[in-house]
Amino acid sequence: MEIFSLRSSQSLLFKNNPNNAKNSKTADIHIEIKAPAPVSFQIEDNPGEGPDFTAVSPGELRTYARQSFDSGVIDQNTYAAISEPLPMHAIDPLGNIIDLSGVTDGTSFNFLDYYKNQLQVAMSIGDPNDVQTLKSVVNFLDG
């Protein structure tokens with residue numbers, strides 16, 4: 001018993017049929033070029049033109065930080081520090097407890113002062129790695 005490949009038998013039938021010789025399978029293929037999708041959020045080329053980090057919501061800050069991370073402006077550690085939710089309470093450089101429980105994703109908050117204060121606290125009692133991360137966050141926010 002002989003075994004024939006279906007591909008070879010179909011191609012032989014295709015070539016031998018005079019009606020199929022005139023038609024080309026590739027003639028019906030059309031490539032449509034679509035316009036690129038609009039960008040919903042884009043970082044300006046001027047680094048000084050960023051948002052006001054003294055009055056921005058946590059959600060807006062995370063969005064801006066994500067775009068900056070994706071474009072290579074900030075590193076992963078800086079992005080992770082910015083993306084972390086705020087604690088319920090923090091300590092300022094004078095040792096006072098700051099209540100942050102009222103800050104939500106829709107609430108404006110002064111992140112620049114907050115991270116500057118946390119940098120000062122970390123420099124006096126913190127880990128050198130935390131200090132380095134907070135310095136990069138402050139540099140990013142201070143722009």
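A quick definition to start: Ala, Val, Leu, Ile, Met, Phe, Trp, Tyr, Cys and Pro count as nonpolar, Asp, Glu, Lys and Arg as charged, and the others, including Gly, as polar. Also keep in mind that this is a predicted model.

**Exercise 1.** Sort the lining of the second largest pocket by class, and find which helix gives the most to it.

*Solution.* Start with the volume, which is about 260 Å³. Next, look around the centre: of the 15 lining residues, the closest to it are Glu84, Tyr114, Tyr115, Gln118 and Leu134. Now sort the lining, and you get 9 nonpolar, 3 polar and 3 charged residues. As for helices, α5 (111-125) and α6 each supply at least two lining residues. The top contributor is α5, with 5 residues.

**Exercise 2.** Work out how α4 and α6 are oriented to each other.

*Solution.* Take helix α4 (residues 76-83) and helix α6 (residues 128-142): they pack at about 80°, and their axes are 9 Å apart. Angles of 65 to 115 degrees count as roughly perpendicular, so α4 and α6 are roughly perpendicular to each other. On the α4 side, the contact uses Asn77, Thr78, Ala81 and Ile82, while α6 brings Thr133, Ser136, Val137 and Phe140. By class, this contact has 4 nonpolar, 4 polar and no charged residues.

**Exercise 3.** Find where confidence is lowest and where it is highest.

*Solution.* Begin with the whole protein: pLDDT averages 79, and 66% of the residues score at least 70. Then go element by element: helix α1 (residues 6-16) is lowest, at a mean of 52, and α4 is highest, at 95. Finally, check residues 43-47, where pLDDT stays under 50.

Definitions and conventions. Residues numbered from 1 in each chain as written. Predicted model: local features only at pLDDT ≥ 70, side-chain atom pairs only at ≥ 80, totals over all residues. Heavy atoms only, no water. Axes fitted to C-alpha atoms, helices over the stretch in contact; angles between N-to-C directions. Helix = DSSP H or I, 4+ residues; strand = E, 2+ residues; numbered from the N terminus. Parallel < 35°, antiparallel > 145°, perpendicular 65-115°, else oblique. Contact = heavy atoms within 4.5 Å. pLDDT = per-residue confidence, 0-100. 1 Å grid on protein atoms, 1.4 Å probe; cavity = no way out; pocket = protein on both sides within 12 Å on 5 of 7 lines; lining within 4 Å. Points joined across faces, edges and corners; volume = space filled by probe spheres on them.
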